[in-house]
Amino acid sequence: MVAKGDMFYAWTTNKELADKAECGGAVTGLLKFALENKMVDAVLAVKKGQDLYDAVPTVITDPRNLINTAGSLHCGTLLVSKIVKNYLDGAKDKKIGLTVKGCDLMGVLELAKRGGINLNNILLIGVNCGGSVSPIMARKMIKEKFGVDPDTVHKEEIDKGQFIIEYEGGHKGISMDELEDAGYGRRSNCRRCKYKIPRQADLACGNWGVIGDKAGKATFVEVCSEKGADLLSKAVAAGALATEAPNPKGVEIRGKTENAMFKLGDKWRKRDFSKLGTSVWDTINKETSRCIKCYSCIINCPVCFISDELKKGSLMVKEGEVPPNPMFHLRRFAHISDTCVNCGQCEELCPMDIPLALFSHAIRVEEDNAFKSKLGTPAYKN
Ligand code: FAD
Ligand code: SF4
Ligand code: SF4
């Protein structure tokens with residue numbers, strides 16, 4: 001009997017899947033089982049596109065195709081929440097299985113609160129997340145710091161604090177701390193992120209805490225809901241997945257690693273927020289003065305929406321004005337000040353390289369601190 005709160009080492013019994021998967025293949029094995037047994041109508045996951053810097057969201061209805069989504073793409077910086085709302089009708093009538101990092105999950109939950117996603121029809125398989133590297137940064141870092149042609153790299157991974165590549169000439173790893181101190185490494189929002197184990201999903205899966213003979217061969221699974229418990233117990237009963245109790249030492253290591261990541265997140269928050277200087281609005285006005293009003297930061301934000309009416313202009317922001325009146329940005333920051341999930345999409349996809357996520361995250365954290373005493377700590381530490 002599997003229950004909420006249980007933890008397991010889990011692995012797929014499908015050899016082909018095990019070979020392709022990142023760890024034990026539990027994530028893909030569970031999604032495959034759910035699809036085969038009509039627990040979901042479709043799965044939205046991520047597969048490799050042109051190369052390993054190209055993470056492509058994909059909707060799968062034939063369980064045999066799920067193998068294409070096995071494996072972790074650390075240069076996959078996409079967010080799936082708005083895809084569910086915009087292209088899968090918010091799971092209104094269909095049951096969807098989703099792989100989610102912490103930021104994907106927070107985006108899904110925020111959209112569900114606004115009625116844009118029907119959570120009852122969503123199966124959430126969470127993956128722990130230490131951070132992702134933007135594809136442009138990854139190519140630059142591999143060329144400049146690793147001295148390797150990025151096109152010759154066929155595998156990348158983040159393990160034990162190192163960014164590791166396998167390429168035509170062998171393999172190389174450099175510590176993330178060293179890379180980040182030199183201005184390379186994870187996206188800035190990821191450095192500040194503190195949602196490492198997505199416990200609001202149905203299951204939270206990762207590699208932290210898998211030690212001994214199962215290291216690299218099993219996935220650490222924490223059961224976070226009744227729905228997750230039901231899926232895992234049925235998959236094990238049917239022989240699709242095998243499990244064993246986790247090594248207690250591994251559980252301890254997992255806890256310590258999560259705590260170390262919280263501290264690292266706090267360190268980066270302190271460092272990044274202090275860059276804003278004493279006159280935050282001057283910094284924001286200066287940076288946003290190169291805005292070309294393309295709306296990418298709004299279109300890609302999981303918590304921000306704009307009506308067509310407003311696009312045509314308003315009292316505060318006139319149509320056809322470039323750069324837009326500062327109110328264009330201030331209104332947006334105010335709109336998301338208590339809901340920004342620090343997913344980084346605004347900054348990642350801004351064609352003018354404006355550090356938007358830094359601004360909205362700093363505002364969100366300040367809002368949280370201001371109201372903390374009354375409302376308590378939010379359910380997720382973003
Ligand atoms: P698989 O069966 O191989 O399935 C992997 C699933 O992840 C697939 O559904 C695939 O579509 C999806 N996926 C791949 N890339 C992405 C992406 N960029 N965004 C969203 N979904 C994606 N675990 C830890 O314990 N500690 C970490 O620090 C950590 N960092 C991670 C960082 C990233 C960016 C990602 C994507 C994963 C990270 N993980 C981390 C999770 C770990 O890599 C494995 O995904 C997890 O252990 C499940 O292993 P598996 O063999 O069961 O997964
Ligand atoms: Fe992972 Fe957090 Fe970055 Fe999302 S914002 S990719 S959950 S570290
Ligand atoms: Fe302006 Fe950048 Fe937003 Fe486009 S994405 S509207 S350029 S801030």
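The model is predicted, so local features need pLDDT of at least 70 and side-chain atom pairs count only at pLDDT 80 or more, while totals for chains, interfaces and linings use all residues. Residues are numbered from 1 along each chain as its sequence is written, chains are lettered from A and ligands numbered from 1 in the order in which they are written, and side-chain values use heavy atoms, with hydrogens and water left out.

Turning to ligand 1, its surroundings comprise 28 residues, with Cys23, Thr28, Gly71, Ser72 and Asn207 the closest. Polar contacts are pairs of N or O atoms within 3.5 Å. In one of them, a polar side-chain atom of serine 72 sits 2.7 Å from an oxygen atom of ligand 1. Asparagine 128 places a backbone N or O atom 2.8 Å from a nitrogen atom of the ligand, and a side-chain N or O atom of threonine 219 lies 2.9 Å from a ligand oxygen. Taken alone, ligand 1 exposes 900 Å², of which the protein buries 97% (Shrake-Rupley method, 1.4 Å probe). Both α2 (26-36) and β2 (42-48) supply at least two residues each to this shell, and α2 gives the most, with three.

Note on methods:
Near = heavy atom within 4 Å. Polar contact = N/O pair within 3.5 Å; in protein donor to acceptor, adjacent residues only side chain to side chain. Helix = DSSP H or I, 4+ residues; strand = E, 2+ residues; numbered from the N terminus.
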